[in-house]
Amino acid sequence: MRLDKYLKVSRLIKRRTLAKELSDQGRVSVNGNTAKAGTDVKVGDELVIQFGQKVVTIKVTGLSEHATKENAKGMYELVKETRL
């Protein structure tokens, strides 16, 4: 699944265009490598996302094309959240 779509469907970011902008700015990394919006995300990948003064590290635990509020939380596991 594309990175920008994953971020939107998992509800980590509200809109896909925002997810695309964030990743194209180099503020998202997949398994330690800076990722673009089209980067393929798989179960087991570790994502590090920088939101302004907050850095969130998650582990991908599931993929779903059409997530609902209930199963969106099952798509990732929060590993670490830090403030800069």
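Reader: Where does asparagine 31 sit?

Author: Asparagine 31 is in the loop between strand 1 (28-30) and strand 2 (33-34). Keep in mind that this is a predicted model.

Reader: What's the phi of asparagine 31 like, positive or negative?

Author: Positive, at about 55 degrees, although asparagine 31 is not a glycine.

Reader: OK, what about arginine 11, what's its phi?

Author: Arginine 11 has a positive phi of about 65 degrees, and it is not a glycine. Its place is in the loop between helix 1 (3-9) and helix 2 (16-24).

Reader: How accessible is arginine 11?

Author: Its relative accessible area is 49%, so arginine 11 counts as partly exposed.

Reader: Which residues gather with Arg11 in a patch on the surface?

Author: Lys8, Lys69 and Lys73 gather there with Arg11, and the patch is one of positive charge. With a relative accessible area of 49%, arginine 11 clears the cut-off for patch members, which is over 30%.

Reader: Switching to helix 2. Where does glutamate 21 lie?

Author: Glutamate 21 lies in helix 2. Its relative accessible area is 45%, which means it is partly exposed.

Reader: I might want a distance for that one. How far apart are glutamate 21 and lysine 36?

Author: In space they are 9.2 Å apart, C-alpha to C-alpha, and in sequence 15 residues separate glutamate 21 from lysine 36.

Reader: Zooming out now. How many helices and strands are in the protein chain?

Author: Three helices and five strands. Starting from the N terminus, the order of elements is α-α-β-β-β-β-α-β.

Reader: So what does the radius of gyration of the protein chain agree with?

Author: With a compact globule: for 84 residues that would mean a radius of gyration near 12 Å, and the protein chain has 11 Å.

Reader: What box do the C-alpha atoms fill, if I'm setting one up along the principal axes?

Author: Roughly 30 × 25 × 20 Å, taken along those axes. That box is for the C-alpha atoms of the protein chain.

Reader: Last one: what percentage of the residues in the protein chain is buried?

Author: Buried residues make up 37% of the 84 residues. Buried here means under 20% relative accessible area.

Note on methods. Residues are numbered from 1 along each chain as its sequence is written. This is a predicted model: local features need pLDDT of at least 70, side-chain atom pairs count only at pLDDT 80 or more; totals for chains, interfaces and linings use all residues. Side-chain values use heavy atoms; hydrogens and water are left out. Patches are made of residues with over 30% relative accessible area and no salt bridge: like charges are joined within 9 Å, nonpolar side chains (Val, Leu, Ile, Met, Phe, Trp, Tyr) within 5 Å. Accessible areas come from the Shrake-Rupley method with a 1.4 Å probe; for residues, only the protein chains shown count as cover. A salt bridge is a side-chain nitrogen of Lys or Arg within 4 Å of a carboxyl oxygen of Asp or Glu. Lys and Arg count as positive and Asp and Glu as negative; His and the chain ends are not counted. The place of a charge is taken as NZ of Lys, CZ of Arg, CG of Asp or CD of Glu. Helices (H or I, at least four residues) and strands (E, at least two) are DSSP runs, numbered from the N terminus. Buried means under 20% relative accessible area, exposed over 50%, partly exposed in between (1.4 Å probe, protein chains only). The radius of gyration is taken over C-alpha atoms; the globule rule is 2.2 Å times the number of residues to the power 0.38.
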